[in-house]
Amino acid sequence: MTTRRNFLKTSALVTAGSLITPASIFSQSNKSSRLGGSKTMQLTFKPYEAKLVHPFTVSGYTRTTTPIVLTEITYDGVTGYGEAAMPPYLGETIASVTAFLEKVNLKQFSNPFELDDILAYVDSITINNTAAKASVDIALHDLVGKLIGRPWHQIWGYTASKAPVSTFTIGIDTEEMVKQKTRETEQFKVLKVKLGVDEVSDKMIINAVRSVTDKPLRVDANQGWKDKHYALKMIEWLAAKNVEFVEQPLPKHNLDDMAWLTEHSPLPTIADESCQRLEDIPRLKGVFDGINIKLMKCTGMREANKMISMAESYGMKLMIGCMTETSCAISAAAQLAPKMNFADLDGNLLIANDCFTGMKLVDGKITLNNEPGIGIKKI
């Protein structure tokens, strides 16, 4: 009977998908359950500095650290963990995230299963602050998953074995450093290469990688190519270098030129900076071949899951990406990986002081565990 009850409980959650309601949970819990209505959620947070293994350079800037705010939401003795990671282009800081989180009042909600209402409220506090919002979303999902006793990929009904391989990112650097970084990527089947400087530098980087490996490459220009004709010329050159697709070749608001480029490109194009949130997707149909979903851009797991459904309805390719993040946010994003065509979840491997353990890459493939929530433990 116990096995049958567990099966029915899991089946009900999978059927509900992301639309979990308090009633659906409580109906499966007896009166001795710790999910009592009198409990309250406690949100706490603290700053953390992620130190990068190598200086990280993309088109526009170089950095050696990433500011992070770690969050915790505790309810009935159970704690969920979250994270806001803030690379410069997001426009968020430790101070702005802290100021946002100080405004969040979770005690007004009966329990953490009121995901729609809680996260709609969190989103309404300010217009931006997407990483700060993601830190609450991730902690809340981790908490709810722990209370249910299931990882989120199971709650959503996703098949863990369908998760793709992840790329490992080679940042813009000198020829010798590019070669050194490439030699350090033996376990990875596919590499992601940052470009977008100028023709000489970009071709040097690709040739440096190619002098070390013939693995498939994926290129991210980070809006670095400003002219559509130049971008097309570069993509045609890259197509002969075993490159699979090009991410964000043109400035994010230049959608007319981007649509022209996608129409003429021999390689698929993926939107990154052009695709921040759910509302961006409709105007990108026919402009890009696919989208890169990042939790720090879209406010977290709940909206990311909605973005998957919308992009699929438009026939667009799906990619899950990341910033330089700890295994907390990486493991949260990995719960969505089974739905993805492509993945770039190496952010935790780019930092030297990860404070969590969670999702693992085995021979480059995203390998999800069966730990409840987002599948992490504090180190």
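**Reading one chain**

A: Exposed means over 50% relative accessible area, buried under 20%, and partly exposed in between (1.4 Å probe, protein chains only). This is a predicted model: local features need pLDDT of at least 70, side-chain atom pairs count only at pLDDT 80 or more, and totals for chains, interfaces and linings use all residues. Residues are numbered from 1 along each chain as its sequence is written, and side-chain values use heavy atoms, with hydrogens and water left out.

Q: Which residues of H4 are buried?

A: In H4 (residues 115-124) they are Leu115, Ile118, Leu119, Tyr121 and Val122. Down the helix axis these residues fall within an arc of 155°, so they line one face of H4. The arc is that of the directions from the helix axis to the C-beta atoms.

Q: What do the buried residues of H4 pack against?

A: Their partners are H3, H5, helix H6 (152-155) and helix H12 (301-313). Contact means heavy atoms within 4.5 Å. Helices (H or I, at least four residues) and strands (E, at least two) are DSSP runs, numbered from the N terminus.

Q: How many helices and strands does the chain have?

A: The chain has 13 helices and 15 strands. Of its 379 residues, 55% are buried. Look at sequence separation too: among contacts between residues at least 6 apart in sequence, 69% join residues at least 24 apart.

Q: How do I read a helix pair, say H3 and H5? At what angle do their axes cross?

A: Axes are lines fitted to C-alpha atoms, for helices over the stretch in contact, and angles run from 0 to 180 degrees between N-to-C directions. The axes of H3 (residues 94-103) and H5 (residues 130-148) cross at roughly 50° and come within 9 Å. H3 and H5 are therefore oblique to each other. The cut-offs: under 35 degrees is roughly parallel, over 145 roughly antiparallel, 65 to 115 roughly perpendicular, and the rest oblique.

Q: Is the crossing of H3 and H5 left-handed or right-handed?

A: A crossing is right-handed if the near helix is turned clockwise from the far one by less than a right angle, and left-handed if anticlockwise. H3 passes H5 in a right-handed crossing.

Q: Which residues make the H3 and H5 contact?

A: H3 gives Val97, Phe100 and Leu101. H5 gives Ala132, Lys133, Ser135 and Val136. By class, this contact has 5 nonpolar, 1 polar and 1 charged residues. Ala, Val, Leu, Ile, Met, Phe, Trp, Tyr, Cys and Pro count as nonpolar, Asp, Glu, Lys and Arg as charged, and the others, Gly among them, as polar.

Q: Now H7. Which of its residues are buried?

A: In H7 (residues 175-183) they are Val178, Lys179, Lys181 and Thr182. Their arc about the H7 axis is 165°, so they line one face. The cover over them includes strand E1 (42-58), strand E4 (167-170), strand E5 (190-194) and helix H8 (199-210).

Q: How do H7 and H8 pack?

A: Their axes are 9 Å apart, at an angle of about 40°. That makes H7 oblique to H8. The crossing is right-handed. H7 brings Glu175, Val178, Lys179 and Thr182, and H8 brings Met204, Ile205, Ala208 and Val209. These residues divide into 5 nonpolar, 1 polar and 2 charged.

Q: Loops next. Is Arg277 buried or exposed?

A: Arg277 has 14% relative accessibility, so it counts as buried. Arg277 sits in the loop between strand E8 (269-271) and strand E9 (290-293). Leaving aside neighbours within four places in sequence, its contacts include Asp123, Lys133, Thr299 and Glu303.

Q: Where is Asn129 found?

A: Asn129 is in the loop between H4 and H5. At 16% relative accessibility, Asn129 counts as buried. Beyond residues up to four places away in sequence, Asn129 touches Glu92, Ser96 and Phe100.

Q: What should I look for in phi?

A: Most residues other than glycine have a negative phi. Thr299 has a positive phi, near 85°. Thr299 lies in the loop between helix H11 (295-298) and H12, and is buried, with a relative accessible area of 9%. Gln223 also has a positive phi, of about 70°. Its loop runs between strand E6 (217-220) and helix H9 (228-239).
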